[in-house]
Amino acid sequence: MAANQRSTSATGTREKTYFEQQREALIGEVAMSFEHVLANINKLNRSLEAVIAVGNEFSSVEALWSQFENVMAKEPEEGGGKSEAAESENGREEGARSEEAER
């Protein structure tokens, strides 16, 4: 019987065993699952590209806010320097006035 299967397998006319049928069915299911995975990965890729495109549209707005933040952060330091200079000038004027008042 084994010899009979070998001879028919050589010609390719023998019927598939239960194992081979199940293997082909599982291979088909795996191939279909891979196709679904590939389709879902492509959907994800398109979605990520859309998100990146929307994010890139806000780059100019982000740059403007960043510049505004930098300007606002620097102003108190510069303003503080100006007020100290103004205070020292005011102090000199008051000192000069008090000297004049003493004379």
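Colleague: Which helix gives the most to the nonpolar patch?

Modeller: Helix α3, residues 59–102, with five residues. Helices here are DSSP runs of H or I, at least four residues, numbered from the N terminus. This is a predicted model, where local features need pLDDT of at least 70, side-chain atom pairs count only at pLDDT 80 or more, and totals for chains, interfaces and linings use all residues. Residues are numbered from 1 along each chain as its sequence is written, and side-chain values use heavy atoms, with hydrogens and water left out.

Colleague: OK, and which residues form the patch?

Modeller: Val-54, Phe-58, Val-61, Trp-65, Phe-68, Val-71 and Met-72, together with about 710 Å² of accessible area (Shrake-Rupley, 1.4 Å probe, only the protein chains shown counting as cover).

Colleague: Switching topic, how much of the protein is buried?

Modeller: 1% of the 103 residues. Glu-20, in helix α2 (residues 18–57), counts as buried because its relative accessibility is 19%.

Colleague: What does the Glu-20 side chain contact?

Modeller: The side chain of Arg-14, through a polar contact of 3.2 Å. A polar atom of the Glu-20 side chain also lies 3.1 Å from the backbone nitrogen of Thr-17.

How values were computed: Buried < 20%, exposed > 50% of the residue type's maximum accessible area, 1.4 Å probe, protein only. Helix = DSSP H or I, 4+ residues; strand = E, 2+ residues; numbered from the N terminus. Polar contact = N/O pair within 3.5 Å; in protein donor to acceptor, adjacent residues only side chain to side chain. Patch = residues over 30% accessible without salt bridge, like charges linked within 9 Å, V, L, I, M, F, W, Y side chains within 5 Å. Salt bridge = Lys/Arg side-chain N within 4 Å of Asp/Glu carboxyl O.
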